Amino acid sequence: MRRQTQIFLIGYRAYLIAFFIFLAAPLFAASMFAFNDSMFPALPWRGFTLDWFFNDTEPKLGMFYDQRLLRGLYYSFVIACWVSALSVFVGTCNAFLFVRSEFPAKNFFYIMMIVPLVIPGVILGISILVLASTIANGADDRYGIELGFLRPGLLLVVLGQFSFITTITSLVITARMRKFDVAMEEAAYNLGASRLRVLLTVTLPFLRPAMIAAGIVAFLVSFENFNTTLFLVGSEAPLTITMFDRMAKVGSTPVLNAVSLFLMIASGLLALVTVLVQRDRSTG
Amino acid sequence: MNRRDARRLALILLFMPFALWIALLILLPHIGMGVLSLREKVGPRQYEFGFGNYIDFAQEPIYWNTLLRTGSMSLLVTALALIIGFPIAYYIAKIAGRRSRGALFLLCLVPLWVSDLIRAYGWILLLRETGIISGALQYVGLVSQPVEMLYNDAAVIVGLVYTVMLFMIVPLTSTLDGMDDAMIEAGYNLGGNGFTVLRRIIIPYAMPGIVSGCIIVFMLTAGSYLTPVLLGGKNSSWFTETIYEQFITRYNWEAGAAFGFLLLAFTSLVVWLGLRLSGQSLTSTVARS
């Protein structure tokens, strides 16, 4: 019996290792070719190079000199900052709303809050596109006003991503809010603090780890989003769209691998920050 | 202004962001899409109210075949993700030591921090004719010439399972984590073998996690666009591609909106059925992950 369990455990571990190889394989493949001194992201291996990061001339244009990729990176960054700021703000309001307030049909509204997460991203994208265009066309036809901001572009991308990322931030911050002991606020009131002061010195500091974690998650999800963005994008294409356009073309150079590796490292570092913030939560 | 009025005002102010968000970005757009999908084009800039777009869908086998194909392949991906992911989640939650548990869990999460696009790109590099697997097979001598493993259903399924795996493992692990080991021991003490314990104790306990994982995975798969397009090539015929084609290539927004609604209705139906059959609710499943 013991032997049997041991064999079973060895098999189990082997399965676990195979699974992690499966998880790592595509990431490894994507990052490995960033250093291959070849025009194509494919075998054979032609030696190590950093050209795909730092070379400044065609045809081996490195990512830090590729204007279109850099512009994509910049737009992605701007969009992600707006989305995470907005969604953390609304998420915090929602935490106060659903944990600290009582109002009719609260359960129904709570379900409404979760719904955006189970709507496919493509549908969110087209529905917002349809509404914005309808309004813009209506204004144009009836009053002759051109509402350029409702045409596909940065604003619509931000709104589209915000529409479902807010659910994520709300859930994260609400979970933290539920652990808050109201006695702490009452103590502050008893000591003579004003409402605003209690909010700023007691409640918000308590929520801060969750707000930071939610903000980082929102930033990453926004940065990586493709489905919703695809329909709302205008001339300011974020990085995922720029990369997709190149990937769909055959014969893309390994500069895409360099970008992939760069993104992996950057998001890995951000993820690490989230973990550290969360750890702070358990001790604090 | 007395205290009650002040409270009321505070509640309304707090309610505003939520209401604006849900009304302007979720409800109104979907109503707009519904209205648009019920509009038939009868001439240039002339429209009529009717169900023409939905009738077109029903009469064109390509369209509903694509939807059915998307649905069945998504179910397959969900089942595969559950079967592959469950032992991993169980290991992390129950077998791994205290210290390795967190590390393993983080390892599982690593691909989550990389965008879909890069994951699909990685699979392209592995699977294509000049890719790593083909190269390795030639090197070992199993095949004599490059093999193309991209642009077929198997590649799409592998890519999708990979992409959604984490959304299965996270809820499973967190549910199993809350399970008392004594329950498993009791099952063995009462004479159950490994299989009975799994079937009668572990799986029923993990049910909320299983349901929530399956729902998220199914929604993500059915709504995915990137992985089928990149790994399946032109002929992957995923329903989101059909929607994209109607919207962007043909500029037929009315039909695109109708298709979007059909996809939404289809996925909602599957999710509803899943919740119904397992006796769970949306709040108890999705919110916990």
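**Exercise 1. Find which residues A:S163 is in contact with, leaving aside its neighbours within four places in sequence.**

Solution. Apply the contact criterion: C-beta atoms, placed from the backbone, within 7 Å. With sequence neighbours within four places left aside, A:S163 is in contact with A:P116, A:L124 and A:I128, and also with B:L25 and B:I26. The model is predicted; local features need pLDDT of at least 70, side-chain atom pairs count only at pLDDT 80 or more, and totals for chains, interfaces and linings use all residues. Residues are numbered from 1 along each chain as its sequence is written, and chains are lettered from A and ligands numbered from 1 in the order in which they are written.

**Exercise 2. Describe the contact of chains A and B, by residue number and by class on the side of chain B.**

Solution. Chain A contributes 62 residues and chain B contributes 59. On the side of chain B, helix α1 (residues 3–37) gives the most, with 15 residues. That side has 44 nonpolar, 13 polar and 2 charged residues. Ala, Val, Leu, Ile, Met, Phe, Trp, Tyr, Cys and Pro count as nonpolar, Asp, Glu, Lys and Arg as charged, and the others, Gly among them, as polar.

**Exercise 3. Work out how α7(B) and α9(B) pack.**

Solution. Helix α7 (residues 153–177) and helix α9 (residues 194–222) of chain B pack at about 160 degrees, and their axes are 8 Å apart. Axes are lines fitted to C-alpha atoms over the stretch in contact, and angles run from 0 to 180 degrees between N-to-C directions. The two helices, α7(B) and α9(B), are therefore roughly antiparallel (under 35 degrees is roughly parallel, over 145 roughly antiparallel, 65 to 115 roughly perpendicular, the rest oblique). The contact of α7(B) with α9(B) has 13 nonpolar, 6 polar and no charged residues.

Key
Two residues are in contact if their C-beta atoms, placed from the backbone, lie within 7 Å. Helices (H or I, at least four residues) and strands (E, at least two) are DSSP runs, numbered from the N terminus.
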